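The sequence and the structure come first, and the contacts follow.

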Amino acid sequence: AHTLLIACIAGLISGATSMAAGEYISVKSQEDIEKADLKFEEQELKKHPQRELDELTQIYISRGLGPDLALQVATELTNHDALGAHARDEIGIHENTAAN
C-alpha cells in the first residue's frame with residue numbers, strides 16, 4: 001500500500017509537471033508568433049503606408065461600413081495608433097486575448 005501511494009504521488013507530480021510544461025511551451029510559441037506578426041506589420045506600415053491604409057479600409061467595408069466611412073475610420077485609427085488598429089482588425093491580436 002505504501003509503494004502504491006508513492007507511485008500514485010509520483011505519477012500525479014510527473015503528470016502535472018508535464019501538463020504545465022506543455023502549456024508553457026504552447027503559450028510561449030503563441031507569444032512568439034504574435035510578436036513576429038506585429039514586427040512584420042510594423043515594417044509593412046513603414047514601407048507601404050497607403051497600401052496598409054487601403055487594406056484596413058477594405059476590412060471595414062467587409063464589416064459593413066460604407067466606403068467613405070470606412071476610409072474615415074481607417075484614417076482616424078491609423079493616425080491614432082496604426083499598429084494597434086492593424087493588430088486588432090487585420091491580425092486579430094487584442095490586448096485582452098494576446099498570449100500571456
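## Contact of H1 with H3

On the H1 side, Asp37, Leu38, Glu41, Glu42 and Leu45 meet Ala82, Leu83, His86, Ala87, Glu90 and Ile91 of H3, where contact means heavy atoms within 4.5 Å. By class, the residues of this contact are six nonpolar, one polar and four charged; Ala, Val, Leu, Ile, Met, Phe, Trp, Tyr, Cys and Pro count as nonpolar, Asp, Glu, Lys and Arg as charged, and the others, Gly among them, as polar. The model is predicted: local features need pLDDT of at least 70 and side-chain atom pairs count only at pLDDT 80 or more, whereas totals for chains, interfaces and linings use all residues. Residues are numbered from 1 along each chain as its sequence is written, and side-chain values use heavy atoms, with hydrogens and water left out.

H1 covers residues 2–47 and H3 covers residues 67–91; helices (H or I, at least four residues) and strands (E, at least two) are DSSP runs, numbered from the N terminus. Their axes are 10 Å apart, and the packing angle is about 120°. Axes are lines fitted to C-alpha atoms, for helices over the stretch in contact, and angles run from 0 to 180 degrees between N-to-C directions. H1 and H3 are therefore oblique to each other, given that angles under 35 degrees count as roughly parallel, over 145 as roughly antiparallel, 65 to 115 as roughly perpendicular and the rest as oblique. The crossing of H1 past H3 is right-handed: a crossing is left-handed if the near helix is turned anticlockwise from the far one by less than a right angle, and right-handed if clockwise.

The 46 residues of H1 should span 68 Å at 1.5 Å a residue, and the end C-alpha atoms are 68 Å apart, which agrees. The expected span is 1.5 Å times one less than the number of residues.

Glu34, Glu41, Glu44 and Leu45 are buried in H1, and their cover includes helix H2 (49–62) and H3. Buried means under 20% relative accessible area, exposed over 50%, and partly exposed in between (1.4 Å probe, protein chains only). Met19, also in H1, counts as exposed at 65% relative accessibility.

## Contacts of H2

H1 and H2 pack at about 115°, with axes 5 Å apart. Glu41, Glu44, Leu45, Lys46 and Lys47 of H1 meet Pro49, Arg51 and Glu52 of H2. This contact of H1 with H2 holds two nonpolar, no polar and six charged residues.

The axes of H2 and H3 come within 8 Å and cross at roughly 110°, which makes H2 roughly perpendicular to H3. This crossing of H2 and H3 is right-handed. The contact of H2 with H3 comprises 12 nonpolar, four polar and five charged residues.

## Ala87 in H3

Ala87 belongs to helix H3 and is buried, with a relative accessible area of 7%. Apart from neighbours within four places in sequence, Ala87 is in contact with Leu38, Gly92 and Ile93. Ala87 and Glu34 are 53 residues apart in sequence, and their C-alpha atoms are 9.1 Å apart in space.
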